[in-house]
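The sequence and structure come first.

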Amino acid sequence: MDHLVTARSMFGLNMGVHIIFATLGVGIPLMILLAEILYYKTKDKDYELMAQRWTKGAAVLLGVAIPTGTIAGVQLALLWPGFMEIVGKVMALPFQIEIYAFFIEALFLSIYVYAADRISRKMRIISLVLVAIGALASAVLITNVHAFEGTPAGFRILNGEIVSVDPWAAFFNPSFFVTSGHVAVSAYTTGGFVIASVAAFKMLRARKHNPREYKFHHKALMMGLVIGGIFSFVTALNGHESMQKVYEYQPEKLAAAEGLFETQDHAPLALGGFTDEKEQRVKYGIEFPWMLSFLSGNSFNTVITGLNDFPRDYWPPLFVHTLFNGMVIIGSILILVALVGIVWYKFLKKKSFPKIFMWVFVATGPLAIMAIEFGWIFACTGRQPWVIYRIMRTSEAVTTSANLHILFFLFLLVYIVLVAAVALVLVFYFRRNPLSKELPAQAD
Amino acid sequence: MGDSLLAITVIWGFIFIYAVMGTMDFGAGFWSMVYINRTKTNATDVANRYLSPTWEVTNVFIVAIVVALFSFFPRATFTLGTVLLVPGSIILLLLSIRSGFLVFSHYASSFKYRRALVYISGISGVLIPAFLIAVLPVSQGGFIDIIDGTQRLNLARVFSSPHVYSFIGFAITSSLFLSSLLLADYSKSSDEMEAYAVYRRDALITGPLSLLMAIFIMITMQSEASWLYDKMMQFKPLLYGSVGLFVVAGIALLLPSQKGKGMPRLAVVSIVLQYFLASYVYGRSHLPYVVYPNVTIENGFTHPDAFHSLFIVYIVGFAILFPGFFYFWRLFMKDNKEYSKKKPY
Ligand code: HDD
Ligand code: HEM
Ligand code: HEM
C-alpha cells in the first residue's frame, strides 16, 4: 500500500470503529432517558429496570467509544498535520466547544451511574438530560468539522497564506445544519432500532416459557420501533435535503453517487447496480427516469453535471454509488419495518408478531449500523481527492513521517481485541445478571 | 499579557491539571492491580471507588490539551504531529487498551479471567505516563532531524538518551507517589484505616524516589538541554520552595493525629503546590519555545481573531461548567463516606 492509502485506511479504520460506539453513545442515552420518563409517568417498574440495564450496556460501550474517540482526535493531528494546521487557524471552535460537551457528558454520566442511589429521581432525570445533550452536542460539533471539509467557509487563501479568517462564518458553513441534523437523527434512528433488535432477539428466546420476560421485552421492542420509526422518517426527509446540498456544493460527489457521466436535465435516478467506468453507465441497476433531477432541484428541468465535465483527477472513487444506495435502501427498509410493526400491534391489535417478523426486527439494529458506516464512508470517500473541498488535497495534508504500515496493523490488532472484548463482556455481563434475576425483585 | 502568552498559559494549565489527575488515575489503576489479592485491607476497593467515576473526566483533559494546542498553535501542532507519529501512536494504543480493559474489568467482576483484565489495564496504565512525558525532552530540542526538508524524530537518539530515561523514571515514580498519597487521603476520609495504612506506607516509599528522579532530571538536563537548565536556575528560590513543600508533605505524613498517624490532606495540598511551583518554573523557563529551537509561541501562534473567539468560548464554557464540576466533586470526593459501602447502580 502506498503511504497515502495507508494513512487513509488507518484513519478510516479508526473512524469506522469509533462511529459504531459513538452513534450508540448518542442514541442509547435518549432511549434511557425516555425509559426513565416513562417510569416517572406510568410508575411501571419495567421501565426503570430497562433504564438500568441499558445504562450498564451503554457504560460498557463507552469503554471503546472514549478511547477510539481520543485516538480520532489525536490521529487527526498525527496523520493529517497539514489539514489540522488549517483547522487550527480557522475551524477550531467546534473542537473547542466539543470539549465542554464531553465534560458535561462525562460528569453527568458518572453521576447517573455511580451516584444513582444517592440522588433524587428528579436529579437522575436532569443528569440524563445533560448526558443526552452532551452526546448530541459532541456529535453535532464534530460533524460540523466534516461539514466544513465539504463546504469550507470563513477564510481565503491568498498566496498560500490563510487570510480574512472569520471563525464563526466557518462554524456556520453552508452545510452545517443539514449535515449535523442528519447525523443526529440517524443516531437516534440507530439507538431505537438497536434496542428493538435486542428486544426482539430476547423475545424469540422467552417466547414459550417465560411470559413475564416476554412482556418486558415487548415493551422495549415497541419503544424501539416507535422511536426508530419516527427518526428514520425524519432521517429520510433530512437526507433528501443533504442530497440537495451535495448537488449544490459538491456536484462531482453527486455525479459519482449516481454514476452519472453525461451532463443532462431530466436525469434518471439509478438504484442498485455497479458503476462501470468503461461503459460510462450503471450496470444491473434500476433506473427511475427524471427522478434525480427532481430530487436534486425540485424540478425535472434541473441540470445535473455529469462526471465527464469534471477533470478526471477530481473524480471520487466510483464505488461510492454502492455505498450511497446501501444507505438509502436501508433507510427505506427501516421506515417500512417500523410502520408495519406499529400498525400490526397498535391498529390491528394483534397480540404477537409472526416469527419471521421477529427476525426482521432482529436485523434492523445491524442494518442501521451498516447504514451509518455506508453513509460515512460515502461522505468521506466521496470527498476525495480533497480533504478540504477544492482547497486542500488529501495528499497535501498527509504526514510526511514514514512507517505507517506497522502502525496500521498495530491499530487493527488493538481494535480487533477491543471489539471482541466488548462483545464478550456484554454477553458475559448480561448472562451473569439475567433479567430473570432482576425481574422478581421488581414485581409488585 | 500578550495573546500568545495567555494562550500558552491556558495550555500549561490544562497540562498541569492533566499531569495531576492523570498520574492519580493511572497510579490508582496500578494500585488496584497490586492489591488485588489483599481483599482484607480494601485497598483495591478504595482505588476502584476513586477511579470508576473519575477516569472519564480525566480523559477529557487529554483531549482538551490536544485541542488547545492545535487551535492556539497550529504551526507547533504541525511539527509535533509530524514528529510524534510513532510515540503518539504508542500512547494511543496503550490508552485504548487501558481504558477499554478498565471498564471491562469493572463489568466482569465475577469473571474467572478478571484478573487478567485488571493486569492488562494496570500495566498499560503505568506505561502511559512514561511515554507521555517523553514529549517533554523531545520539545527541548536535539532529537529532531531535518531529512529531505521534512522533520523526523530520531527514535534511536530518543531511546538512548539518559535525559529521556530520567523523565520516564520521574513519570512512573510520580504517578505512584501522587496516587498513593491521594488514595491515602481518600481512604482516611472514608474511614478505611487499613487501606490508609497501606497507601501511607506506599507514599512514604515512592515520595523520596520521585524526588530523586527529579534531581536526576536536573543533572541530565545540564548536559542535554543546558539552555533550559540555565534558565531554570534563575528561579532557584522557587525551586527550593518546591523542595520545601515536599518536606512539609513528608512531615505531615509522619505527624501524629487523633485518628491514625499522619495528616494526608495537608500532604496532598502541599504536594500539589510543590508540583505547581516546579512546573511553573519549568514552563516559564521553556518560553518562548514550544519546540526548541524552531517553534516559538510567537511564530507558531494562530490567527489573532480566531484566538479571541476561542478565548471567549473558554471563559464562557468553564463558567457554565463550574457548577457541574463542583457538584461532581461534592458527590464523589467530599461526601465519599456515605458512598463508600454502596455498590454502583
Ligand atoms: C441510520 C443511518 C442513515 C440512514 C437511514 C440514512 N442516512 Fe444518509 N447518512 C448517514 C446515515 C443515514 C450518516 C452516516 O450519518 C451520514 C454520513 C455523513 C453524514 O453527514 O451523515 C450520511 C450522509 C448522507 C449524505 C451525504 C452528505 C455529504 O456527503 O455531505 C446524503 C446525501 C444522505 N446521507 C442522504 C440520505 C438519504 C436520501 C436517505 C434516505 C433514506 C438517508 N441518507 C438515510
Ligand atoms: C465527523 C467527523 C469526521 C471528520 C471530521 C472526518 C474527517 C476525515 C479526514 C480529515 C479524513 C482524511 C483525509 C481524507 O481522506 O479526505 C477522512 C477520511 C476518511 N474518513 Fe472521515 N471524518 C469523520 C467521520 C468519519 C466516520 C464516522 C467514518 C466512518 C466510517 C469516516 C470514514 C473515513 C474514511 C473511510 C476515510 C478515508 C477516505 C478515503 O481515503 O477514501 N469518517 N475523514
Ligand atoms: C474525526 C471525528 C471525530 C473525533 C475527532 C472524535 C473525537 C472524540 C473523542 C476525543 C472522544 C472521547 C471523549 C472523552 O474523552 O470523553 C469521543 C467520544 C465520542 N464521540 Fe467522537 N469523534 C469523532 C467523530 C464522532 C462522530 C461522527 C460522532 C457522532 C455520532 C461522535 C460522537 C461521540 C460520542 C457520543 C462520544 C462519547 C463521548 C463521551 O461519552 O464522553 N464522534 N469522540
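A polar contact is a pair of N or O atoms within 3.5 Å. The model is predicted, and the distances below are computed from it. In the side chain of Arg383(A), an N or O atom is 2.9 Å from an oxygen atom of ligand 2. For Gln384(A), an N or O atom of the side chain is 2.7 Å from an oxygen atom of ligand 2. Thr394(A) also has a polar side-chain atom 3.4 Å from an oxygen atom of this ligand.

Four elements of chain A give two or more residues to the shell around ligand 2: α1 (3-42), α5 (121-150), α12 (355-381) and β7 (386-388). The largest share, 6 residues, comes from α1(A).

## Composition of the shell

Ligand 2 is surrounded by 24 residues. Arg383(A) and Gln384(A) are among the closest, as are Arg8(A), Glu149(A) and Cys380(A). Sorted by class, the shell holds 13 nonpolar, 7 polar and 4 charged residues.

## Iron of ligand 3

Which protein residue is the donor of the iron atom of ligand 3? The only one is His18(A), through NE2 at 2.1 Å. His18(A) sits in helix α1 of chain A, the helix that gives the largest share of the shell around ligand 2.

## Nonpolar patch on chain B

Val243(B), Val247(B), Val248(B), Ile251(B), Leu255(B), Met263(B) and Leu266(B) make a nonpolar surface patch of about 510 Å². Helix α11 (residues 236-254) of chain B gives the most to the patch, with 4 residues. Leu266(B) belongs to helix α12 (residues 264-286) of chain B.

Notes. Residues numbered from 1 in each chain as written. Chains lettered and ligands numbered in written order. Predicted model: local features only at pLDDT ≥ 70, side-chain atom pairs only at ≥ 80, totals over all residues. Heavy atoms only, no water. Near = heavy atom within 4 Å. Polar contact = N/O pair within 3.5 Å; in protein donor to acceptor, adjacent residues only side chain to side chain. Nonpolar A, V, L, I, M, F, W, Y, C, P; charged D, E, K, R; others polar. Donors = N, O, S within 2.8 Å, 3.2 Å for Na, K, Ca; no water. Patch = residues over 30% accessible without salt bridge, like charges linked within 9 Å, V, L, I, M, F, W, Y side chains within 5 Å. Areas by Shrake-Rupley, 256 points an atom, 1.4 Å probe, with all protein chains shown as cover. Salt bridge = Lys/Arg side-chain N within 4 Å of Asp/Glu carboxyl O.
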